[in-house]
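Subject: Structure handover

Hello,

Here is the structure you will be working with. Please open it first, then read my notes below.

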Amino acid sequence: TKLIDTVDVNPKIRDVDYRQIPGISGSTSLRKAWEIMRDQKIDTLPVTSEEDELQGVITVKETVSISL
C-alpha cells in the first residue's frame, strides 16, 4: 500500500499529448485558419507575432461563429 500512496495520479501538462503547431499571423483570413485546422485535424491554432510571440489563439468554433 505504501507504493500506492507515493504514486502521483494527478495529470500534469507534461502528461498531455500535444503537437507543436506553427502560429499564424493575425492578418490570416478566417477561411485560411479554418483550412489549416481542418487539414491538421486540430481545434485550436496559435496566433503569433512576426517575432513568433504568442498573441492569442483561435478555435474552430470561433471561425464558424464569426463567419456566420
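One term first: contact means heavy atoms within 4.5 Å. Two points on the source come next. This is a predicted model, in which local features need pLDDT of at least 70 and side-chain atom pairs count only at pLDDT 80 or more, while totals for chains, interfaces and linings use all residues. Residues are numbered from 1 along each chain as its sequence is written, and side-chain values use heavy atoms, with hydrogens and water left out.

**Overall layout**

The protein chain has three helices and two strands. Helices (H or I, at least four residues) and strands (E, at least two) are DSSP runs, numbered from the N terminus. Read from the N terminus, the order is α-α-β-β-α.

The accessible surface comes to about 6,000 Å². Carbon and sulfur atoms hold 53% of that surface. Such areas come from the Shrake-Rupley method with a 1.4 Å probe; for residues, only the protein chains shown count as cover.

Buried means under 20% relative accessible area, exposed over 50%, and partly exposed in between (1.4 Å probe, protein chains only). The chain has 68 residues, and 16% of them are buried.

**The core**

In soluble globular proteins, nonpolar side chains tend to be buried together. A nonpolar core is a set of buried Ala, Val, Leu, Ile, Met, Phe, Trp, Tyr and Cys residues joined through side-chain atoms within 4.5 Å. The largest one here has seven residues: Ile 24, Ala 33, Met 37, Ile 42, Leu 45, Val 47 and Ile 58. Helix H2 (30–40) and strand S1 (44–48) each give two or more residues to this core.

What does Met 37 touch, leaving aside neighbours within four places in sequence? Its contacts are Ile 42, Asp 43, Thr 44, Leu 45, Ile 58, Thr 59, Val 60 and Thr 63.

Val 60 is in helix H3 (residues 60–67). Val 60 counts as partly exposed, at 24% relative accessibility. Not counting residues up to four places away in sequence, Val 60 touches Trp 34, Met 37, Ile 42 and Asp 43. Val 60 and Asp 43 are 17 residues apart along the chain, yet their C-alpha atoms are separated by 5.3 Å.

Val 57 is in strand S2. With residues up to four places away again not counted, Val 57 touches Thr 44, Leu 45, Pro 46, Val 47 and Glu 62. Val 57 and Thr 44 are 13 residues apart in sequence and 6.5 Å apart in space, C-alpha to C-alpha.

**Two positive phi angles**

Lys 41 is in the loop between H2 and S1. Its phi is near 55°, a positive value in a residue other than glycine. Lys 41 is exposed, with a relative accessible area of 73%.

Asp 52 is in the loop between S1 and strand S2 (54–59). Phi of Asp 52 is near 65°, a positive value in a residue other than glycine. Asp 52 is exposed too, at 59% relative accessible area.

**For a closer look**

Which residues line the largest pocket? They are Asp 17, Tyr 18, Arg 19, Gln 20, Ile 21, Ile 42, Thr 44 and Pro 46. On a 1 Å grid over the protein atoms alone, a pocket is an open set of points where a 1.4 Å probe fits, with protein on both sides within 12 Å along at least five of seven lines; lining residues have an atom within 4 Å of a point.

Best wishes
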